Structure formats: C-alpha cells, structure tokens
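Grab a pencil and work through these exercises with the structure in view. Try each task before you read its solution.

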Amino acid sequence: MEFIQSSNPSEGAQAMAQKIVESLRKGKVLWLICGGSNVPLSAEAMDAVRAAVSADELRNLTVGMTDERYGPLGHADSNWKQLEDVGFNIEGVTAIPVLTGKPLEETVSEYAQKLEDALQEEPLVIAQFGIGADGHIAGMLPHSPAVSSTDTIYAYEAAPFTRITITQPVFKKISVAYAIVFGESKKAAIDRLKNEDLPVEEMPCQLLKQIPEAYFYTDQL
C-alpha cells in the first residue's frame with residue numbers, strides 16, 4: 001500500500017478517475033464506492049470519467065457500493081441517496097444500488113446476487129474507501145460479525161444504523177483501492193494502519209494491505 005501525503009482530497013479522486021478511464025479502455029470495470037466524506041469525491045470522479053471516455057467505453061462500467069444503511073428507499077441516511085443529492089450521474093452505466101424498498105433479508109440477498117453476477121463478468125474491481133477513527137472500513141466495524149462473515153454481503157445492527165456491507169471474500173476480489181481519508185480525527189487510525197500490523201477483527205481497515213494495488217491519500221502523515 002502506498003501512502004500519499006496530500007492537502008487536497010480531489011487529488012485522490014482525480015487519480016482514481018484516471019485509473020478508471022484507463023481500465024475502461026481495456027475492458028469491464030466494477031467500481032465499488034462508499035459514503036461519508038467520500039460522497040462528493042465520487043461525484044467528482046464520475047464527472048471526470050464521463051468527460052474522458054466514449055459512450056461505448058462508459059458501458060463497460062458497473063457501479064456498486066461497499067456499504068449502505070438500510071431503510072426506506074431514498075431515506076436521508078442512505079449513502080446512495082447522498083450520492084444522488086450531490087449529482088452523481090449514472091446515465092449510461094450499469095448501476096446496482098443496494099436499497100430497493102424491499103425487506104432487509106430480500107435486499108441483502110438481491111444485492112449479493114447482483115454483485116456476484118457483476119463479478120462473473122471478470123471486471124477489474126476498483127474500490128473507493130474512507131476509514132473510521134475506530135479503524136472500520138466499508139460497513140465492517142471492529143469485532144463485528146461482518147468481519148468474520150463468509151457471505152458476499154452481510155447485514156447487522158450497529159447503532160444508529162442497520163448496516164449492509166461487503167465482506168472479506170469481496171475484498172479478495174479487489175484489484176485496486178483508493179482510500180481518501182482526511183481530517184485530524186483520523187490521524188491515530190492512520191498511524192496505526194501505517195505502522196502496525198493488527199488483526200482484521202481489531203482493525204478492519206488492515207484489509208487494505210491485502211489488496212494488490214492500494215493508494216492511501218491523506219493530509220495526516
């Protein structure tokens with residue numbers, strides 16, 4: 001994993017966009033995106049991708065999510081709704097949002113199947129992440145049942161949300177990761193990630209070290 005000192009989160013978003021563009025010109029890409037402070041960066045990256053590729057190349061792109069917060073379709077805490085609110089443009093791409101307005105068990109099952117179907121196409125999997133001050137990544141909190149799950153998608157209660165998340169088996173399919181993590185509140189977690197090899201159960205973001213090509217943009221080195 002390469003740690004990159006940066007004063008501007010957009011640097012990570014633009015680097016990720018360039019990687020997506022280069023990869024779309026070669027074949028299929030599955031881009032897994034997250035929520036939180038990365039939401040506007042995802043929209044920025046998508047705009048850059050759209051400006052750089054043809055409509056035919058754009059059809060090679062599938063967009064899914066690393067995690068979501070369960071609730072009614074379009075609820076305020078939904079990561080996908082927040083993406084829509086900042087203008088994330090999915091026209092011309094295959095989009096697989098998590099929430100469909102169905103009960104939790106059916107939502108999880110359907111999203112897992114859609115993600116598995118996308119992976120069957122053998123795309124290059126590019127994932128975008130933030131990390132929490134507690135070291136969580138995607139919806140995988142430390143010592144949560146999601147960390148040890150072997151399901152493609154796992155859902156569980158962790159106040160104040162019912163979290164739906166990818167799991168370790170999906171991380172193993174990611175070829176390239178961009179973690180864009182800014183702010184002093186993340187400094188301790190970044191220091192631990194950079195300088196210590198800890199069990200994934202204790203610090204799930206250690207999974208970034210298992211991804212073949214991973215870039216960590218931050219202002220806290």
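**Exercise 1.** Which side chain meets glutamate 57 in a salt bridge, and where do the two partners sit in this predicted model?

*Solution.* 
Step 1: Look for the partner. The side chain of glutamate 57 meets that of arginine 25, with 4.0 Å from N to O.
Step 2: Glutamate 57 belongs to helix H3 (residues 55-58), while arginine 25 sits in the loop between helix H1 (9-24) and strand E2 (29-33). They are 32 residues apart, so this pair links distant parts of the chain.
Step 3: Check how open they are. Buried means under 20% and exposed means over 50%, with partly exposed in between. Glutamate 57 comes in at 22% relative accessibility, so call it partly exposed. Arginine 25 has 48%, so it counts as partly exposed too.

**Exercise 2.** Now do the salt bridge between lysine 209 and aspartate 197: where are the partners, and how exposed is each?

*Solution.* 
Step 1: The two side chains meet at 2.8 Å, N to O.
Step 2: Both lysine 209 and aspartate 197 lie in the loop between H8 and E10, twelve residues apart.
Step 3: Lysine 209, at 31% relative accessibility, is partly exposed, but aspartate 197, at 69%, is exposed.
Step 4: The structure holds nine salt bridges.

**Exercise 3.** Which residues of helix H8 are buried, and what covers them?

*Solution.* 
Step 1: Go along H8 (residues 187-195) and pick out the buried ones: Ala189, Ile190 and Leu193.
Step 2: Look down the axis. These residues cover an arc of only 100°, so they end up on the same side of H8.
Step 3: Turn to the other side of H8, where Ala188 and Asn195 are exposed.
Step 4: Find the cover. Strand E1 (2-5), strand E9 (176-181) and strand E10 (213-218) are among what covers the buried residues.

**Exercise 4.** What is the volume of the largest pocket, and what lines it?

*Solution.* 
Step 1: The volume is about 320 Å³.
Step 2: The lining has 20 residues, and Gly35, Gly36, Asp67, His136 and Ala138 are the closest to the pocket's centre.
Step 3: Strand E4 (67-69) and E9 are the elements that give two or more residues to the lining. E4 gives the most, with three.
Step 4: Sort the lining by class, and you get six nonpolar, nine polar and five charged residues.

**Exercise 5.** Where does threonine 150 lie, and is it buried or exposed?

*Solution.* 
Step 1: Threonine 150 is in the loop between helix H6 (145-148) and strand E7 (153-158).
Step 2: Its relative accessible area is 68%, so threonine 150 is exposed.
Step 3: Compare chain and space. Threonine 150 and proline 169 are 19 residues apart along the chain, and 6.3 Å separates their C-alpha atoms.

Terms used: Residues numbered from 1 in each chain as written. Predicted model: local features only at pLDDT ≥ 70, side-chain atom pairs only at ≥ 80, totals over all residues. Heavy atoms only, no water. Buried < 20%, exposed > 50% of the residue type's maximum accessible area, 1.4 Å probe, protein only. Helix = DSSP H or I, 4+ residues; strand = E, 2+ residues; numbered from the N terminus. Arc of directions from axis to C-beta. Contact = heavy atoms within 4.5 Å. 1 Å grid on protein atoms, 1.4 Å probe; cavity = no way out; pocket = protein on both sides within 12 Å on 5 of 7 lines; lining within 4 Å. Points joined across faces, edges and corners; volume = space filled by probe spheres on them. Nonpolar A, V, L, I, M, F, W, Y, C, P; charged D, E, K, R; others polar.
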